[in-house]
Amino acid sequence: TAVGTWSSSVPAVAIARPSGVIVAGSTGGSPSNTTNITFTATATGCTAMTTVTVFQKPSAIIVPKAALCVGDNEMLKDAVPGGVWSSTAPAIATIDPVTGVATGKTSGTVLMEYTVASGCSERTTIIVNPNSQIIGKNIICVNQTTTMVDTTLGGVWSNVAGTSGPLYINPGTGDVTGLANGTDVSVYTTPKGCQALKAVTVNTNPARITGPNQLCLNQNPLYT
C-alpha cells in the first residue's frame with residue numbers, strides 16, 4: 001500500500017481519515033452531497049481522485065412497541081418518506097411494504113428494514129411473543145365453580161364484562177363461578193402482555209325439585 005495522505009474537498013459531506021476510511025457526513029440528500037476524495041502519494045506528490053456521493057439515510061424507525069403478540073398488528077414509521085418496508089423473517093412477522101404495518105405470525109425475533117430510493121436503509125428489531133391457550137369448560141351453571149388453566153404461567157385472569165357480567169373469575173387462580181344466565185369471555189393476560197380468550201356460557205339451573213322426600217315401598221309419586 002502506497003504511503004500518502006487522504007483529503008476531502010467538502011468535509012461536511014464526507015471526512016477522509018489518515019487511514020483512508022471515509023466517514024459520511026450529515027448533508028446527505030442536500031444539493032451539496034458530493035465530494036472529491038483525493039490520495040496524494042508522499043514519495044512523488046502524484047494524486048488519485050474519486051468522487052463520492054453521500055445519500056440521505058432513513059431516520060431511526062419509530063416503533064410503537066418493540067414486542068408484539070402473535071396475531072397483533074402495529075404500524076412502523078420513518079420520518080423520511082417514500083421508502084419500502086421489508087422483514088428479514090416473514091415466517092415470524094410480516095410487514096406491508098407500503099404502509100409499514102407489521103403482523104406477528106409466530107414467536108421469535110425479526111429485523112424490520114426500511115429502504116429508501118438511494119438504497120440506504122435503517123433496521124429495527126421486533127420481538128414476537130407467543131399467545132397462550134386457555135384450558136377449561138366453556139359451559140357452566142349458575143353457582144357452579146370451575147377452574148381455568150393456561151399453558152403460560154404467571155399471568156392474570158379477568159373477564160370482558162367485568163363485575164356486571166354473568167360470571168366471576170378469580171384474577172389469581174382462574175376459578176370461574178357462574179352468577180347469572182348469559183355468556184362472557186374469560187381473558188388470560190401473560191406476563192409479556194399477550195392475551196388468550198375463551199367464551200363461557202352460564203346456564204340457569206332448573207327450578208327446585210318438588211315432591212315428597214320420604215317414600216314407602218311401591219309408592220310412585222310424580223316429581224316436578
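In the predicted model, strand S8 (residues 84–87) has a covered face formed by Trp85 and Ser87 and an uncovered face formed by Val84 and Ser86. Strands are DSSP runs of E of at least two residues, numbered from the N terminus. In a regular strand the side chains alternate between the two faces of the sheet. S8 runs antiparallel to strand S11 (residues 108–115), to which four bridges join it; two strands count as paired if DSSP finds at least two bridges between them. Within S11, Thr115 stands opposite Val84.

Trp85 touches Ile61, Leu76, Ile95, Pro97 and Tyr114, among others, leaving aside residues up to four places away in sequence (contact: heavy atoms within 4.5 Å). Trp85 is also one of the residues that touch the most other members of the largest nonpolar core, which has 16 residues. Such a core is a set of buried Ala, Val, Leu, Ile, Met, Phe, Trp, Tyr and Cys residues joined through side-chain atoms within 4.5 Å, buried meaning under 20% relative accessible area with a 1.4 Å probe, protein chains only. Two or more residues each come from strand S9 (93–95), S11 and strand S12 (121–129), with S11 giving the most, three. Another core, of 12 residues including Ile140 and Val200, lies apart from it.

Elsewhere, three strands form an open antiparallel sheet in the order S1-S4-S5, with S1 (4–8) and S5 (47–53) at the edges. Five bridges link S1 to S4 (residues 34–41), and Gly4 has Ala41 as its bridge partner in S4.

Residues are numbered from 1 along each chain as its sequence is written, and side-chain values use heavy atoms, without hydrogens and water. Because the model is predicted, local features need pLDDT of at least 70 and side-chain atom pairs count only at pLDDT 80 or more, whereas totals for chains, interfaces and linings use all residues.

Conventions:
Buried means under 20% relative accessible area, exposed over 50%, partly exposed in between (1.4 Å probe, protein chains only).
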